[in-house]
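This report concerns the structure shown below. It treats single residues of note and then the contact between chains.

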Amino acid sequence: MKQIKFLLVGVLFGIVLSKSEVISWYRIFEMFKFQSFHMYGIIGSAVVIGIVIMYFFKKGSLKTYKGETIIVKPKEKGIAKNLIGGIIFGLGWALGGVCPGPIFVLIGKGVVAILIVLLGAVLGAFLYHVTKHKLPH
Amino acid sequence: MDYILQPWPWYFAGPMIAFCMYLMYYFGKKFGISSNLETLCAIGGAGKLNDYFKFDWRKQKWNLVFILGLAIGGLIANDWLTPNQTIALSAQTVQDLSEIGFANAGSTYLPDEIYGVNTLFSIKGFLILILAGFLIGFGTRYAGGCTSGHAIAGLSSLSFESLIAVIGFFIGGLIMTWFILPYLF
């Protein structure tokens, strides 16, 4: 029962991603073709409001429900890992038209073929950790 | 009610995504989906093959519950909130897609050319799906985040690493869309 709040946030996020058509392969294609403002507006406005929220996290005026200070863990350093990893992810994002969130939303939508994408993604995550000591970071 | 049933505009969706991010931090966690892929590896027994996956996946239950919520949200939106499944793409996008072999672009959420059941059971269709997934899973774990962790939460916290990652997302996405997709179909 302690977890139900995360379920509810997930449901809300899933509905938002569906209703704003972020889960549509076509919208991702259109974004990379620079033919619509839609996706840029979504990501851009989320980040602008996110910056304000994060500012209040750092200032300490927004806390957790338990009253604790929110500390956002910094991402791991490394130009190579972020750039090369990012490029590989971008290739998959544009090919499949999905990032990880929409994969799970589309399962709920009843798209059978997305299960193959999920399988590939799990294998990809596994293979990264098997080969990471050989990769530049 | 009519507003809910229409496609949601960017200026409503973007702030709602930021609000979801806020709620995850408010509840003492973080906003990032792709780490679930590692948790799924661990559940599947990957710890037997690689020490990285020997972590206690039960500690990640909150994030698994979150993605279960995503699926339920997808079901609710599909069955009750989206009577009209067409996507109002730009005319240029529809034309560009028809030129590379995608018929009726925007008549549904997903193209049959990639997500149709007949495509799934063809060798080429299956390989495209599994390759797309592989690139997504490998790339996000290499970069340490996806669109939620890097593009939304990372850029919001003004992280230089996330900016590099998002630039990478776009380099990869542009290469695929402009130089590879036209030759795949």
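B:Leu158 counts as partly exposed because it has 14 C-beta neighbours inside 10 Å, a count between the limits of 12 or fewer for exposed and 20 or more for buried. The model is a predicted one. In chain B, the loop between helix H9 (147-156) and helix H10 (160-184) holds B:Leu158. The phi angle of B:Leu158 is near 55°, a positive value in a residue other than glycine. Most residues other than glycine have a negative phi.

A second residue with a positive phi is found in chain A: A:Glu21, a residue other than glycine, has a phi near 65°. The loop between H1 and H2 of chain A contains A:Glu21. A:Glu21 counts as buried because 26 C-beta neighbours lie inside 10 Å, and the limit for that class is 20 or more.

| Residue | Phi | C-beta neighbours inside 10 Å |
|---|---|---|
| B:Leu158 | near 55° | 14 |
| A:Glu21 | near 65° | 26 |

The contact between the chains is described next. Chain A contributes 99 residues to the contact, and chain B contributes 112 residues. On the side of chain A that touches chain B, at least two residues each come from helix H1 (4-19), helix H2 (25-32), helix H3 (38-59), helix H4 (79-96), helix H5 (100-109) and helix H6 (114-131) of chain A. H4(A) provides the largest share of this side, 17 residues. Sorted by class, the side of chain A that touches chain B comprises 59 nonpolar, 26 polar and 14 charged residues.

Definitions and conventions
Residues are numbered from 1 along each chain as its sequence is written. Chains are lettered from A and ligands numbered from 1 in the order in which they are written. This is a predicted model: local features need pLDDT of at least 70, side-chain atom pairs count only at pLDDT 80 or more; totals for chains, interfaces and linings use all residues. Two residues are in contact if their C-beta atoms, placed from the backbone, lie within 7 Å. Helices (H or I, at least four residues) and strands (E, at least two) are DSSP runs, numbered from the N terminus. Ala, Val, Leu, Ile, Met, Phe, Trp, Tyr, Cys and Pro count as nonpolar, Asp, Glu, Lys and Arg as charged, and the others, Gly among them, as polar.
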